Amino acid sequence: MGQPHVDAMEVDSSRNVRDSTTDYMQVDELPAPEQNKPADVFSPEYLRLYYSRLFPYSDMCKWLSYGNDGKHPGCDSSYLNRREFSFTLDHDIYVRYVSFRNASEMESSIRDRCPYKIDIGAVYNVDPAKRTAYASSGSEKVFAPVERELVFDVDMTDYDDIRFCCTGADICLKCWPLMTIAIKVLDTALREDFGFEHILWVYSGRRGVHCWVCDVKARRLTNEQRAAVAEYFRVYKGNENNTKKVSLGGSAMHPSLLRAYVEVLRPFFEDQILSNQGLLQFEERYGKLLDMIQDDGIVAQAQDRWQSSRRSSETDVSVARWKQLKNLLESGKHKGSGLRRCVEEIIFSYTYPRVDFEVSKHMNHLLKAPFCVHPKTGRICVPIDAEECDRFDPTAVPTVADLIEELNKGEASLSNVAQNQKERDISKTSLMKSIELFRTQFLNPLLKSCKADVENSYTEKLHNTQTKLDW
Amino acid sequence: MESSLFRNRFHSEAPDDQKRFLEDNELPYKAISTSDFESIKDKLVQVARSLNQPSPNADSTFYKVPFEEVPELVAGRKVYIHKGQAYVPSTQLTFLVAGQFRSKLSKALVLTYRKWMSVISEEESDRLAPIVEALSSRYLGPDYSQGKIKSEVALQDMDDLAKTSFPLCMRHLFFKLREEHHLKHGGRQQLGLFLKGVGLKLEDALAFWRSEFGQKMGVERFDKEYAYNIRHNYGKEGKRTDYTPFSCNKIILSTPGVGDHHGCPYRHFSEENLRAALGSMHLGVRIVDEILEKVRNRHYQVACSLTFEATHGSQTIGINHPNQYFEQSRKILQPKVPQELANDNTETTTAS
């Protein structure tokens with residue numbers, strides 16, 4: 001992998017004259033090829049190349065301008081500039097209140113500083129870089145957020161008490177279905193219950209997913225309303241100090257929970273999670289589940305049957321034991337309401353999405369930008385197609401090293417010479433399909449809707465001023 | 001709080017008075033039609049049943065409002081929502097109206113603050129300003145941001161103090177920290193601010209947390225990632241707010257999640273775990289049963305008071321704040337000379 005690395009320098013310097021001096025200097029700094037380590041998934045050099053050749057600045061700015069970068073008189077040209085970004089630079093230097101007026105300013109700033117992480121914050125009432133002018137108490141204006149997408153962060157470590165295939169920062173295809181469940185349940189509820197339409201799901205680069213709800217109504221929610229939406233999704237109230245983590249009271253389930261249960265939770269639990277995680281295979285595991293059952297008789301019966309069983313070595317024993325347990329619980333239902341919802345409560349405990357409450361609640365919370373590179377894994381934070389999320393494979397997401405290699409080797413898949421250099425470069429790599437997904441599923445419909453919003457509110461404003469002038 | 005009062009008052013009004021209030025204030029809430037009702041009736045019934053409430057029938061009135069207007073109902077999943085609209089039964093009308101009240105009040109407050117800061121405080125420097133200033137500072141009250149007993153707690157006494165004088169919530173956090181050399185954010189806040197109220201100075205607090213966290217992650221990582229927060233809690237960073245330790249009310253209402261150990265054990269622990277925790281404080285079976293009885297009836301603070309009484313052998317006036325528990329405990333276990341009691345603010349005691 002050392003060889004292509006050096007080649008990239010030379011190819012680059014022949015094509016991009018303005019970079020030739022820096023590239024030349026970089027070549028001097030590189031260690032001799034035979035001393036290079038085997039390809040790392042991440043390096044500052046890969047990052048630099050990614051930001052200079054591949055990162056989609058203009059798509060990002062089109063998104064975050066929400067139609068205000070057009071020529072329509074109703075556009076607010078200060079809008080993008082009032083958005084806060086933050087950079088995490090090398091050596092953990094953290095820089096807040098970064099802002100840009102347009103895509104080319106964003107590009108030169110990012111290429112210049114090469115941040116390891118880029119976060120997106122809120123849109124404020126003034127350019128964040130100028131906020132100190134409004135901090136003094138003599139002024140009537142305060143520096144405050146005015147818009148911000150409704151965001152959700154689902155992190156695999158919040159499920160550590162119910163997954164046994166991995167721990168900590170690791171993930172695999174056996175526990176990833178928990179994320180798939182989260183995407184399906186939340187996406188459906190956000191659309192059906194809350195009426196949102198412009199929703200972007202992004203892989204966080206390591207062990208989770210982020211959700212960006214970009215409708216104008218979502219961007220204008222107050223902190224209290226955001227907290228209410230997050231709380232609407234809170235079902236699991238557990239930690240090691242309590243044993244009954246999910247309490248579904250009442251004689252029926254809320255329609256939103258029922259829909260999640262029937263369409264997603266139960267099928268996933270019974271078809272995948274039980275066997276992926278071997279939930280009932282060993283005593284340490286089924287003990288946890290049995291703790292949720294408040295009938296000692298049933299618990300004892302299950303334990304007796306399973307403890308001495310020789311079947312524990314079989315991986316599909318969990319499915320069979322679950323059937324047995326359901327039968328026991330069904331026959332015990334008449335004994336009291338404690339068992340009525342037991343099966344559902346167990347399934348909810350092991351599957352229902354666990355959202356990070358604090359991330360969603362505050363308008364000024366900074367969240368990692370899509371298309372960033374995760375510094376520990378090298379993976380690109382690519383969008384996830386919610387409709388095809390069953391097929392998303394986090395272990396197959398390209399790393400920045402993969403992309404650079406593709407860039408060096410590849411041939412442009414677009415032969416149209418009118419395309420600019422950036423588009424040609426992207427089309428050589430697997431980033432292309434992520435960018436296409438971003439554009440077709442999310443950006444284009446969003447911009448169409450924003451255009452209509454800008455025009456409508458302009459017309460409305462005109463109408464209001466006109467009627468005011470009427471005698 | 002104003003909202004709660006408003007809700008209470010509105011709720012006690014007769015339905016006709018409520019309707020008139022809606023009209024007078026031109027609140028735009030319209031009831032849904034019968035055909036609309038029929039099309040979603042099964043969902044409305046599900047919601048009612050999920051809350052163990054009577055199912056709605058043809059006589060019930062429902063209002064269709066944007067979900068943003070009823071955040072409490074949405075948060076508690078107490079209402080059916082579809083495509084951004086919430087279907088609020090007339091029994092929950094109070095929430096709807098209170099939401100309007102709160103947002104109007106909030107807007108008015110913000111405007112008043114801005115006007116005050118920019119214009120009025122100058123003009124009123126002789127008249128209103130002194131009164132307004134005094135409003136917040138006159139209430140010294142038991143918020144424990146500066147301990148009433150101005151004692152300085154020494155680091156080496158912490159383990160003993162934790163065993164004898166910490167309420168169960170803080171005991172649990174403290175010993176979990178000792179055991180795992182780590183606490184998540186909620187736990188750090190709850191315990192950290194409590195210790196501040198107890199009299200632990202910033203330098204000692206930093207040393208304490210560093211000595212624990214350092215064992216698991218190394219002191220450099222602690223200094224880089226956690227020290228800032230501790231300084232922030234003491235009002236030495238950022239907007240320099242001197243945060244006050246959490247009251248029982250706040251702790252009881254918190255929602256500890258996976259990996260958390262904060263919250264109120266009487267509320268958040270399972271009966272089994274609570275029994276074990278109380279047992280480790282050497283409380284007899286009968287008193288533990290009494291405490292658990294209180295917990296079952298959701299009298300968490302009374303349960304905590306009973307624990308206090310059992311461990312200190314004396315009555316207490318009712319626990320509202322963990323620092324109150326601590327101070328009362330110290331009063332009993334380490335009585336001061338009467339002279340010193342009179343000079344609360346000037347004396348310091350050294351922990352023995």
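Chain A exposes about 21400 Å² of surface, with carbon and sulfur atoms supplying 49% of that area (accessible areas come from the Shrake-Rupley method with a 1.4 Å probe, and for residues only the protein chains shown count as cover). This is a predicted model, so local features need pLDDT of at least 70 and side-chain atom pairs count only at pLDDT 80 or more, while totals for chains, interfaces and linings use all residues. Residues are numbered from 1 along each chain as its sequence is written, chains are lettered from A and ligands numbered from 1 in the order in which they are written, and side-chain values use heavy atoms, with hydrogens and water left out.

Of the 471 residues in chain A, 53% are buried (under 20% relative accessible area with a 1.4 Å probe, protein chains only; exposed is over 50%, and partly exposed lies in between). Chain A has 17 helices and 9 strands, taken as DSSP runs numbered from the N terminus (helices are H or I with at least four residues, strands are E with at least two). Among the contacts in chain A (heavy atoms within 4.5 Å) with a separation of 6 or more, 69% link residues 24 or more positions apart.

Now for the place where the chains meet. Chain A puts 42 residues into the contact and chain B puts in 38 residues. The area buried between chain A and chain B is about 3500 Å², and carbon and sulfur atoms give 51% of it; buried area is the accessible area (1.4 Å probe) that two parts lose on being put together, summed over both. There are 3 salt bridges between chain A and chain B (a side-chain nitrogen of Lys or Arg within 4 Å of a carboxyl oxygen of Asp or Glu). One of the salt bridges joins the side chains of Glu192(A) and Lys83(B), at 3.6 Å from N to O. On the chain A side, α6 (177-192), α8 (223-232) and α9 (255-276) each supply at least two of the residues that touch chain B. The largest share, 6 residues, comes from α8(A). By type, this side of chain A divides into 15 nonpolar, 13 polar and 14 charged residues (Ala, Val, Leu, Ile, Met, Phe, Trp, Tyr, Cys and Pro count as nonpolar, Asp, Glu, Lys and Arg as charged, and the others, Gly among them, as polar).

Over in chain B, Ser165(B) sits in helix α7 (residues 158-165). Ser165(B) is buried, with a relative accessible area of 0%. Leaving out residues up to four places away in sequence, Ser165(B) touches Tyr325(B), Phe326(B), Ser329(B), Arg330(B) and Leu333(B).
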